Every structure is written in structure tokens, then in C-alpha cells.
Amino acid sequence: MSAAAHKSVESPSLEPSCRDTAAHALTVVRDGVITGEGPTTKGRVHFSRSLDADDTAWCARILTATAVNDQPVSRAEAEALFEINEAATERTDGGRFDDLLAKAVAHYAASASGLKVPPRSVALSAESEIESWAPSYAAKVNSEMLEWIAGQMRGKRQNNRRLMAMVATFLGATALPLAGQLPNVFDIGM
């Protein structure tokens, strides 16, 4: 993580106090990715439509802030991450954002399906494998969550292989009837 992401945040809008303010802070990161300007790009060269390790560090820091760490990822936060994913046409973060997005979406989908999820600092950690906490949930994720994820991914420029693999696992385990509705979303050989 860069020094910029470790520093105390100058803008109160980037220090989440709840899931709503975390979702808002993620839109500030999205705007910085789109324009190359703003509080998340201050003090460094940042090209528009690019996502780098510092942007990903901002997202991780926002998502695991003390105020939200013990709460499940919200739909608004997951949607903001999907917007960042779509906005970033260039990636220089070594795949960390894709990993973070997949884990955050799994966290949201599992919790919205009524399942217990680990704290965000565990679930979203780069060192934590999604399989260490998500597999037992796969058979229990409801089809509405899978449809929502598919809707977020449908027709998008940026394909997140990690997220598609996770959803393919969910589909294989839970929703074969739903699979027939999703052939244009996933290239998983169904």
C-alpha cells in the first residue's frame, strides 16, 4: 500500500462512518479513476481511466475501515466497485482490484442471502483466499443475488475472471435452472 493510502484522509467524505459513507467514498475513488484528478490522486501522476495499486489501496482501506469492518458489504458498495471496474480501462494493480471486487461481491451476496460472513478485514484481505470462507455459502446463495451479479456483469467492457469463476461455482452448486438464463453473461461452457 502506498504512503498516500496510509495517510490520514484530508476529506471527511473518504473516512467512512457507515456503509452509506463508504459507498460514497468509493464513488470518489471512481471519479478519480475516470478523471485522473481528485483527493485519491493527489500528489501523484494519475492518468484518466486507469486503475493503479494506489486506487485499489483506497478501495481496500475504505471497505475495511473500522466503522464498517464488522458489517457485511452493502449493495451500494458493491455497485460502486462495479462502477470502478467499468471505469478503469487500464490496469496496473497486478490484479488486486479484481480480487477485491470478487470478494466484496461474494461477501454481499452471502450476507444478503442470510448467511453469516467473516469481518471484512478477513474476507477482503489479499492474503485470504475466497475459498477459505465462501465455499460453504455457495449452495445457499439465493438466485436473486446471482441474477443481480449477472445483471451487473452483463454487457460490461471489463471482464473480471475471478468474479466469473466465483459465480460459475455458485451456479454449479445452486442454480442450474438460472444457468439457462445467463449464457451471454458467462463463458463457462454450459
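Helix H3 (residues 53-63) is largely enclosed by the rest of the predicted structure, because nine of its eleven residues are buried (under 20% relative accessible area, 1.4 Å probe, protein chains only; helices are DSSP runs of H or I, at least four residues, numbered from the N terminus). The buried residues of H3 include Asp 54, Trp 58, Cys 59 and Leu 63. At the N-terminal end, H3 is capped by Asp 52, with a side-chain oxygen 3.1 Å from the backbone nitrogen of Asp 54.

The model is a predicted one, in which local features need pLDDT of at least 70 and side-chain atom pairs count only at pLDDT 80 or more, while totals for chains, interfaces and linings use all residues. Residues are numbered from 1 along each chain as its sequence is written, and side-chain values use heavy atoms, with hydrogens and water left out.

The pLDDT (the predictor's confidence in each residue, from 0 to 100) averages 81 over the protein chain, and 74% of the residues score at least 70. Residues 1-10 have pLDDT below 50, with 13 contacts (heavy atoms within 4.5 Å) beyond near neighbours in sequence. Over residues 172-190 the pLDDT is also below 50, and this stretch has 33 such contacts in the model.

Technical notes:
Buried < 20%, exposed > 50% of the residue type's maximum accessible area, 1.4 Å probe, protein only. Helix = DSSP H or I, 4+ residues; strand = E, 2+ residues; numbered from the N terminus. Polar contact = N/O pair within 3.5 Å; in protein donor to acceptor, adjacent residues only side chain to side chain.
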